[in-house]
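Please open the structure in your viewer and keep the selection tool at hand. The tour goes from one selection to the next and says what is there.

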Amino acid sequence: MRASQDELKRQVAAAALENLAPRLSPGCVVGVGTGSTTNHFIDLLGGVGGQFGAAVSSSVASAERLTGHGIEVIDLNEADSLVAYVDGADEVALDNALIKGGGGAHTREKIVAAAADHFICIVDESKLVDTLGTFPLPVEVIPMARGSVARRLRELGGDPRHRADFITDNGNDVIDVHGLLLNDPAAWEALINNIPGVVENGIFAANRPQTVLVGSPSGVTLRE
Ligand code: 5RP
């Protein structure tokens, strides 16, 4: 029987824990992302609680799941270092640049990922693409700038759509930009972040994962 997408997410989460295990030591801090793939990882991390000290979370939702497993969640400002950051993605390009933010948590995700010694990205094979941009690019914006940012994104060739009934953990809005072909992700990341009112966009190119684990029906493969 063919594995379901959720089963692939669980498999790749288990592979992430295996990859992470040699980096763990009592007292160390692990960075944790957001989303359904990461939820599997959190559930598995709950089983090895004695092997690390605490977690830094990229969202309120993940923090609640972590504490539900008895894992101490600390503020990023309290952590001297993070041994690794583990998180999913919405798209992964051939050079391991990512689109993230389907769950609207990409700003905190980017902060925690950048603070970690190692970024492990976990995806099922449906997330692999040649070029980023089929998945609408999430852009977190200060609410008063939603209109002006949208106009600029339209000038850049995108089709910006306000994510209705959604507020980020930071109290901001999200615009999902359709129709951008992000063939130079690092340039697009900087360009969009330079629009006044943009808090952060979901391209992870300046800081991309060192390890990508991909779940497929034939097993988990590793890209570095
Ligand atoms: C949340 C994210 C998630 O990592 C991304 O949306 C993937 O989610 P899932 O694991 O549920 O497919 O960036 O902001």
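Begin with the lining of the second largest pocket, whose residues divide into two nonpolar, 10 polar and five charged. This is a predicted model, in which local features need pLDDT of at least 70 and side-chain atom pairs count only at pLDDT 80 or more, while totals for chains, interfaces and linings use all residues. Residues are numbered from 1 along each chain as its sequence is written, and side-chain values use heavy atoms, with hydrogens and water left out.

The second largest pocket has a volume of about 190 Å³. Of the 17 residues that line the second largest pocket, select Thr34, Gly35, Gly88, Ala89 and Asp90, which are the closest to its centre. Helix α2 gives the most to this lining, with three residues.

Now select helix α2, residues 36-45, where Thr37, Thr38, His40, Phe41, Ile42 and Leu45 are buried (under 20% relative accessible area, with a 1.4 Å probe and protein chains only). What covers these buried residues includes α1 (5-20), β1 (29-32), α3 (60-68), β3 (84-87) and β6 (119-124).

Is Val12 buried or exposed? Val12 counts as buried because its relative accessibility is 0%. Leaving aside residues up to four places away in sequence, Val12 touches Thr37, Ile122, Val123, Leu213, Val214, Gly215 and Val220, where contact means heavy atoms within 4.5 Å.

Finally, colour the chain by pLDDT, the predictor's confidence in each residue, from 0 to 100; the mean for the chain is 97.

Terms used: Buried means under 20% relative accessible area, exposed over 50%, partly exposed in between (1.4 Å probe, protein chains only). Helices (H or I, at least four residues) and strands (E, at least two) are DSSP runs, numbered from the N terminus. On a 1 Å grid over the protein atoms alone, a cavity is a set of points where a 1.4 Å probe fits but cannot get out, and a pocket is an open set with protein on both sides within 12 Å along at least five of seven lines; lining residues have an atom within 4 Å of a point. Grid points are joined across faces, edges and corners, and a volume is the space filled by probe spheres set on the points. Ala, Val, Leu, Ile, Met, Phe, Trp, Tyr, Cys and Pro count as nonpolar, Asp, Glu, Lys and Arg as charged, and the others, Gly among them, as polar.
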